[in-house]
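Here are some notes for a colleague who is meeting this structure for the first time. Please read them with the sequence and the model side by side.

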Amino acid sequence: MADCLFCKIANHEIDSEIVLETEGTVAFRDINPVAPSHVLVIPKRHVVSAHELGGGDAGLLGELFETVTRVASDAGIAEGYRVVTNVGADAGQTVHHLHLHVIGGRSMSWPPG
């Protein structure tokens, strides 16, 4: 989508602190981190949210989670981190492009919000 912020980041049209890029994903630092390590992992292909995913997206999901584990390992948080995605405004989704928050580097409580 031409006006999607995360599509522009994935296409290198907007500067971002990219920490990892694969054929189908981009991982970059969140501009408003909630923990010492807070990285967003997105598909390069525009997907509004996890709600749109189906059986045909198994490869994409696998690549997203491979990217998540590499990000966590590279950040030194592989022993404890949280992966979060929000679906829709009621859940707090503000950018309507699927993104996984990889959050760690501090203790976290439950429930989150």
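1. Asp 57 is buried, with a relative accessible area of 12%, a value that falls under the 20% taken as the limit for buried residues. The model is a predicted one, and in it the side chain of Asp 57 meets that of Arg 45 in a salt bridge, with 3.0 Å from N to O. Both residues lie in the loop between S3 and H2, so the pair ties together parts that are twelve residues apart in sequence.

2. How many salt bridges does a search of the whole structure find? The search finds three, and the pair of Asp 57 and Arg 45 is one of them.

3. Another salt bridge is formed by Glu 21 and Lys 44, whose closest N and O atoms are 2.9 Å apart. This pair links distant parts of the chain, since Glu 21 belongs to strand S1 while Lys 44 sits in the loop between strand S3 (37-43) and helix H2 (58-75), 23 residues apart. Glu 21 counts as partly exposed, at 35% relative accessibility, and Lys 44 also counts as partly exposed, at 28%.

4. The side chains of Glu 17 and Arg 29 meet in a salt bridge as well, at 3.0 Å from N to O. Here too distant parts of the chain are linked: Glu 17 is in the loop between helix H1 (5-10) and strand S1 (18-21), and Arg 29 is in strand S2 (residues 25-29), the two being twelve residues apart. With a relative accessibility of 36%, Arg 29 counts as partly exposed.

5. Turning to the protein as a whole, there are two helices and five strands, and from the N terminus on these elements run in the order α-β-β-β-α-β-β. The radius of gyration is 13 Å, close to the 13 Å that the globule rule gives for 113 residues, so the protein is as compact as a globular protein of that length. Along its principal axes, the C-alpha trace spans about 35 × 30 × 30 Å.

6. Buried residues make up 38% of the 113 residues, and the accessible surface comes to about 6500 Å², of which 51% belongs to carbon and sulfur atoms. Among contacts between residues at least 6 apart in sequence, 53% join residues at least 24 apart.

7. As for charge, the protein has 7 positive and 14 negative charges, and their mean positions are 4 Å apart.

Notes. Residues are numbered from 1 along each chain as its sequence is written. This is a predicted model: local features need pLDDT of at least 70, side-chain atom pairs count only at pLDDT 80 or more; totals for chains, interfaces and linings use all residues. Side-chain values use heavy atoms; hydrogens and water are left out. Helices (H or I, at least four residues) and strands (E, at least two) are DSSP runs, numbered from the N terminus. The radius of gyration is taken over C-alpha atoms; the globule rule is 2.2 Å times the number of residues to the power 0.38. Buried means under 20% relative accessible area, exposed over 50%, partly exposed in between (1.4 Å probe, protein chains only). Contact means heavy atoms within 4.5 Å. Accessible areas come from the Shrake-Rupley method with a 1.4 Å probe; for residues, only the protein chains shown count as cover. Lys and Arg count as positive and Asp and Glu as negative; His and the chain ends are not counted. The place of a charge is taken as NZ of Lys, CZ of Arg, CG of Asp or CD of Glu. A salt bridge is a side-chain nitrogen of Lys or Arg within 4 Å of a carboxyl oxygen of Asp or Glu.
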